[in-house]
Every structure is written in structure tokens, then in C-alpha cells.
Amino acid sequence: MILEEQRFLHEDLERLEQGIADRISDEPKHIRERLTRDHQIAQFLDRISSQSTKLLSIYQDEDGSRSREIQQIGTGEPMDEFYKQLADIKRFHTKYPNEPVENLERAYRPRKGPDADLQPSIVDTMFTGEEALGRFFDLHSCHELYLNLPNAKRLSYLQYLELFDNFTPGAGGLKRAEKMTDQYFKYVGQLAQDLETFMRKTKPLDNTDKVLADFDKEFDVAWETDAIPEWKREEPNGKSTGTANQATSAGAVWCEDCEKEFKNENVYKGHLSGKKHIRAAADRAQRQKVGTDETNEASSGAGPGGESTHRLKERAIAEREHRVKRLASAMSTERSDTRVNVERKQGMTERERQQELENLFSTATAASQAAADADEGEENDDDRIYNPLKLPLAWDGKPIPFWLYKLHGLGVEFPCEICGNFVYMGRRAFDKHFNEARHIYGLKCLGVTNTSLFRDIIHIDEALRLWEKIQKDKRKDKVDDGSVIQMEDAEGNVMPEKVYYDLQKQGLL
């Protein structure tokens, strides 16, 4: 029955391709339906890969069973072989009368209408309520792990969303010595795993394994070249190749033991006698001593790959930190949306949050039902959105509340002549547009290069007058060193010509 299995695999591949084509041709309007479609396509692609592997092994025919079956059909009586296989099929179904037969056409066909409600969606149990079907991050568990770390900053959840990928000691990260704990390793590993899982859930059609492999390859190159600022290799003399240049200002002094910046030399010298500095210096000396001993053992052949155990542990932590940074940068849109959503929810009551969560799932059900009704050609006037005030539509396709419309002033028009008389609805959109490409391009067309000084300037004549005044002030303040005439008095004092003649008139020379 090798040929029958081969035929079945070919049919299965064609049905899978047709199922993918049917789903791609229909663009869902709701995010829940879109995620369901993408995950179904991803499952079909995985099945195509597995079935193609089986089909390829049959064509390779390493054991010769396919060749023997073809030879048996070609040399003997064709009808005898046919009736023999038919008898085997009847004998099988007599032994197993209730064996179900898989209908490939129905299995891969998109379900619509009542058939879609019978089977639960793939994404129903995939996301938490906070993630809102993949639109926002849910890092509350990672935030709790971070707050339980020793010597960690007391950051709110909103501040944590801003700084969770910044591992420098001055921002939201810990010092280098404090990171070498199992608790921190567990935290940064959990954070990287949550971000990776979120990417796989929200982008099922992307090759996430290839993206992560590129991140790891990039980290390997940076680690080999010692190009990671927070994890520079420490020299035996007590200095690190990366911490010497961490001072942010000219007069600031960086303490490598405390991993802290001081404003000037006097403050730095004053802290040297403190208990914290003495304890930090002793811990760093002990750490360097252990690292030196392990490096010597590794160089003599005891360590794997010529690296000490301490350095290998640093590499494991640094690799997870690098993956968190790259994943956060790849999902910057979801991160910014999460911050906006958290700020919005802070001004809501518990009842409003529960109601919003219920509306999220009820909207998905209503959207799928409306799509099914449209396919059947049944139009219902009661399902039409009632919007007599012409309010803007929210992300779920419904008008926003009128109080929110008045709160943000979305009924107020703000025209901008520089943007080609474009009208912005609401103060927030108007203030935001000064940093957008449309306004900046309009200023550049007027010859303005420094656009940061032209905030709240919306008229062309005002912008031109301000730019002309700025250019005039620059020309006035510009001093040509070659045109300044220096004068010298009898005592040898050198001064500008104007000052010289003024003093001469007063009789002071």
C-alpha cells in the first residue's frame, strides 16, 4: 500500500495549500480572527513540512518496498492485485466497523457561521486578560521578581515598562557583583522567556527561531570582541576595560569598586573612607582573586574552552540580557502601547476595567457573527452602529464615549498652514504633530533646518520671520578674529581698539 500512502500524502499537501489560500484571501477585521487565521496557517505550514518529509522518504525508497510494489503490479495480473487489496480493505473495515474516515476537504476548509462556534478558537486560552489578544505586554510577574531582587530600585509598574531592558547600574539595573546570583539569573531568564513567548503568540508566521539565532550570533560576536559595556573583561590589576569611560561629565569621577559616579574629585575622595566603599572594594578584590584562580586553572586545561567558571556564568547572564534588549526593540510598538494602556487604566475604576474586558471578548464574538451574517447575505438593521454625533471610532470599531470625546477636545479643530492647511482634531494630536514627518518636511521646504525652535508655530509668515531673526542674531554674534584690532598701551597691556580709545578719552592711559 506504499503507492496509496504516496497518493494520500500528495492529496493532503494539495488540500493544505488550498486551505492556506482560502484563509489568506479573506482578511479578517478583528484582531482575534486575524490571530486565529495566522495560527491556523502556521499549523498548516508545519503539517506541510512533516508530510513533505514523509513523501520524500517514500520517493527515496531506501528499503526498496516501493520498487517491489510497482514491480508486483506491473509483472502480475493487474486485476488480481486489485481484488487482493480490495479484500484487505474489506477485511479491515469488517474488523473495525466504527473506524472514522478523515475528510480532508472538510478538515482544512475555513469554518464560518454555526460551524465556527462549535469549535473553540485557538487564541481564546492563549492570552491573558492584560495582554488583550496580543496588543499589550503582561509583565506583572517579572515586575514582582524584579522587586524581590536585593538592592533593586523600587520602581512602579509604569516605570518598569520604561526601564526593564536597561541593565546599567545607574538606570534600573543592578551592579555587576549583585547580578551573579541565582535569583537574578532566574529573573532575567523569565523575562527573556516571557518576551519570546509573546512574540511567538503574536507573530506565528514569522520565523522566530531564525530571529533568536541571529540575536545569539550577534551576541557571540560582541562577547568574543569584548564589546558589551556592562560585561567587560576585568584585568588582574583591578581595572576593567569598560568602566573607565563611564563618567557622564568632564569633572565627574567614576568609582570602579562602587560602580557609581561622583560629581567631582573632592566628593570622590571623601567617600573612599566610607564603609560602603571599603566593603565594595573588598568584594571586588575577592571576586578578582577567584576569577584569576579560575582563569589559571582554565588556561592549564581544567576549564572548558579556556574560560573560567565565573566568566561562563557572566556570559550566561549577559546572553539573556542581550536577548531581552533585542526582543524589546523588536516589539517597541507593543511596548509603547502597553505604557499608554497602563496610564489609561490607572484612571479607571475596577468596574470599568471589568466592563472593558467583557466588551473585548463580546466584540470578538459579535464581529465573527457579523461576518457570518454577511456571508449568508442576511442584513440586520439592528446591528448597525448608532453614531449620530459622528464620534471617532475606537480600535474595536465602536464610537468612543462622548465624555472621552469632550475630555480630549476632539471636537476642536487645529489647522496648520505649514502642513498644507491640514486640520488636527484635538489638542493632543496637534501637540504631537510638531515632531512628525509632515510638519518637519514643511519647515524644511521653507529653508528651516533647526526645527526644535519652531514649536507652536503654524503660520508660514511667522516661521519665516522667526528664522530670519535667528539668522540675523547669529550673524551679529559671530565675531571675526581677523577684523579685531588689538592696541597696546605704554605699559604693554593689550586690549581691543574700542576699549583703548575709550580709556584714552577718559585720561586713564
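## Exercises on salt bridges, a helix face and the backbone

Arg200 is partly exposed, with a relative accessible area of 33%. Here buried means under 20% relative accessible area, exposed over 50%, and partly exposed in between (1.4 Å probe, protein chains only). The model is predicted: local features need pLDDT of at least 70 and side-chain atom pairs pLDDT 80 or more, while totals for chains, interfaces and linings use all residues. Residues are numbered from 1 along each chain as its sequence is written, and side-chain values use heavy atoms, without hydrogens and water.

**Exercise 1.** Describe the salt bridge between Glu196 and Arg200, and name the network to which these residues belong.

*Solution.* 
1. The side chains of the two residues meet with an N to O distance of 3.1 Å; a salt bridge requires a side-chain nitrogen of Lys or Arg within 4 Å of a carboxyl oxygen of Asp or Glu.
2. Glu196 and Arg200 stand four residues apart in helix H9, so about one helical turn separates them. Helices are DSSP runs (H or I, at least four residues), numbered from the N terminus.
3. Glu196 is buried, at a relative accessible area of 18%.
4. Through salt bridges with shared partners, Glu196 and Arg200 are joined with Asp209, Asp216 and Arg323 into one network.

**Exercise 2.** Explain why the buried residues of helix H3 are said to line one face.

*Solution.* 
1. In helix H3 (residues 65-75), the buried residues are Ser65, Arg66 and Glu69.
2. Viewed down the axis of H3, these buried residues fall within an arc of 105 degrees, and therefore they line one face of the helix. The arc is that of the directions from the helix axis to the C-beta atoms.
3. The face turned away from the buried side of H3 carries the exposed residues Gln71, Gly74 and Thr75.

**Exercise 3.** Locate Asp61 and Ala132, and describe the phi angle of Asp61 and that of Ala132.

*Solution.* 
1. Asp61 lies in the loop between helix H2 (31-60) and H3. Its phi is near 50 degrees, a positive value in a residue other than glycine.
2. Ala132 lies in the loop between helix H6 (114-118) and helix H7 (140-147). Ala132 has a positive phi of about 50 degrees although it is not a glycine.
3. Asp61 counts as buried at 15% relative accessibility; Ala132 is buried, with a relative accessible area of 8%.

Definitions and conventions: Helix = DSSP H or I, 4+ residues; strand = E, 2+ residues; numbered from the N terminus.
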